[in-house]
Each structure stands twice: as C-alpha cells, then as structure tokens.
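Here is a note on the model, point by point. Please read it with the structure open.

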Amino acid sequence: MKKRIMIDMDDVITDGTFRKQIEEYIGEEIDTDKTGYYLQNALGDRKEEFFRKGPLNMYEDAPLKEDAYEVINALNEVYDVYLVTSYTIPDAHYQEGNHLKYKMEYLQKHLPFLRTEQIIYLNDKSLIDFDIRIDDSIRHLSKGEVLLLFDAYNNQKITKEELDAKNIKRVMNWQEIAEILL
C-alpha cells in the first residue's frame, strides 16, 4: 500500500498574487511582521472595501513554485498524493465560492495530472490522517511520519529547536522535498 502525502497549496506550490493585489491597493509593501499569517491584515479598516470590489482571483497569472510540477508529478507516481487546501478567506466569507472556483481552475491548469478526487478543500487538516505532510503552517504538521514545513513568510520566526522538538524539518524548495521523498 502506498503512503499518503498531504500537500498544501498556498505558499507551498504557489504564492498566488494576493500579496501583490493588496500591495497595489494600499500603495505600499506589506510588512509581514505586522500582519502575521493573514496578509489582508495590512488592509486595516479597508478590508471590507477591498473584498467587496468584486471577485478576487488570487491565482490569476500566478506561477507554480520552481520544480513543483516535476516533483509533485514524480511523487504522484510513488505515493497517494492529496492536495489539501482551504478555500475560506477570513474577513471575506462571501468570496468563498469564487475562491473555490479559482483554486480548482488553477490546479486543473497547472497540475493536470492530479485527479479531482485528489484535491480536498478543508480547513482543519488534522481531520485526515496522512503519512507525510507538506505545509507552510506548523499547526497542520501535528501528526505523521514525515513532517515538512515549507519555508514561507509566515513561519520565519519558528526556530530550529521548536521544529526539532516536534520532529518537523524545514524545507526551502521542491528540490529538497525530492531529495527527502524520492
């Protein structure tokens, strides 16, 4: 029986264009030390205005991270691969239908070898067991044989000691993932 891999989407296979869209809207670069995990915190009291301006496609023209296509395709031959991603947007729940649609379109275009049943939309990733987990959020790396934290803006303050204590390895790119899992 193949081992099961959970791969997160945002900040793991793509950065999307959300950051760029917010920065254009506010007219300055986002300081992630101030926003924390949610980039939309940079909008301050303009969140409602930003999200109400129309459907927000965070993935339009967004590239995959370097080597993501090749490595995920190779992993898909060896493991049972599942892309597990949230479609909710804190502060903009009325955008969720559009967000779900844009995510699916992006994945079908950029990772066409994944079947629809390999894509799971779920906020609480602890509900499903996986042997291997790849995510940019430490809270989604609570259980599994291999836990890989994909380096991203939102996890820079997590120390090596904290990761070691939870048996989590930080990876910087998809080539490192290939070296570990292939």
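The points below cover aromatic pairs, charges over rings, a helix pair and some loop residues.

1. Basis. This is a predicted model, in which local features need pLDDT of at least 70, side-chain atom pairs count only at pLDDT 80 or more, and totals for chains, interfaces and linings use all residues. Residues are numbered from 1 along each chain as its sequence is written, and side-chain values use heavy atoms, with hydrogens and water left out.

2. Aromatic pairs. Rings of Phe, Tyr and Trp (its six-membered ring) pair if their centres lie within 6.5 Å; planes under 30 degrees apart count as stacked, over 60 as edge-to-face, and the rest as tilted. By this rule there are eight aromatic pairs. In one of them, Tyr 25 and Phe 50, the ring centres are 5.0 Å apart and the planes stand at 70°, so the pair is edge-to-face. Distant parts of the chain are linked here: Tyr 25 belongs to helix H1 (residues 18-26) and Phe 50 to helix H3 (residues 47-52), 25 residues apart. Helices (H or I, at least four residues) and strands (E, at least two) are DSSP runs, numbered from the N terminus.

3. The cluster around Phe 50. Phe 18, Tyr 25, Phe 50 and Phe 51 form one aromatic cluster. Is Phe 50 buried or exposed? Phe 50 is buried, at 1% relative accessible area. Buried means under 20%, exposed over 50%, and partly exposed in between (1.4 Å probe, protein chains only).

4. Charges over rings. A charge sits over a ring if NZ of Lys or CZ of Arg is within 6 Å of the ring centre and within 35 degrees of the ring normal. Arg 4 places its charged end over the ring of Phe 130, 5.1 Å from the centre. The charged end of Arg 19 sits over the ring of Tyr 153, 6.0 Å from its centre.

5. H4 and H7. How do these axes cross, and at what angle? The axes of helix H4 (residues 68-78) and helix H7 (residues 174-181) come within 9 Å and cross at roughly 20°. That makes H4 roughly parallel to H7. Axes are lines fitted to C-alpha atoms, for helices over the stretch in contact, with angles from 0 to 180 degrees between N-to-C directions. Under 35 degrees counts as roughly parallel, over 145 as roughly antiparallel, 65 to 115 as roughly perpendicular, and the rest as oblique.

6. Contacts between H4 and H7. Ala 68, Val 71, Ile 72 and Leu 75 in H4 meet Trp 174, Gln 175, Ile 177, Ala 178 and Leu 181 in H7. Contact means heavy atoms within 4.5 Å.

7. Two buried loop residues. Ser 137 lies in the loop between strand E4 (132-135) and strand E5 (146-150). Its relative accessibility is 7%, so Ser 137 counts as buried. Not counting residues up to four places away in sequence, Ser 137 touches Tyr 37 and Leu 149. Ile 158 is in the loop between E5 and helix H6 (160-165). Ile 158 is buried too, at 17%. With the same exclusion, Ile 158 touches Ile 138, Leu 149, Leu 163 and Arg 170.

8. Positive phi. Asp 11 has phi near 70°, a positive value in a residue other than glycine. Asp 11 lies in the loop between strand E1 (4-7) and H1, and is buried at 12%. Asn 167, also not glycine, has phi near 60°. Asn 167 sits in the loop between H6 and strand E6 (168-171), and is exposed at 57%.
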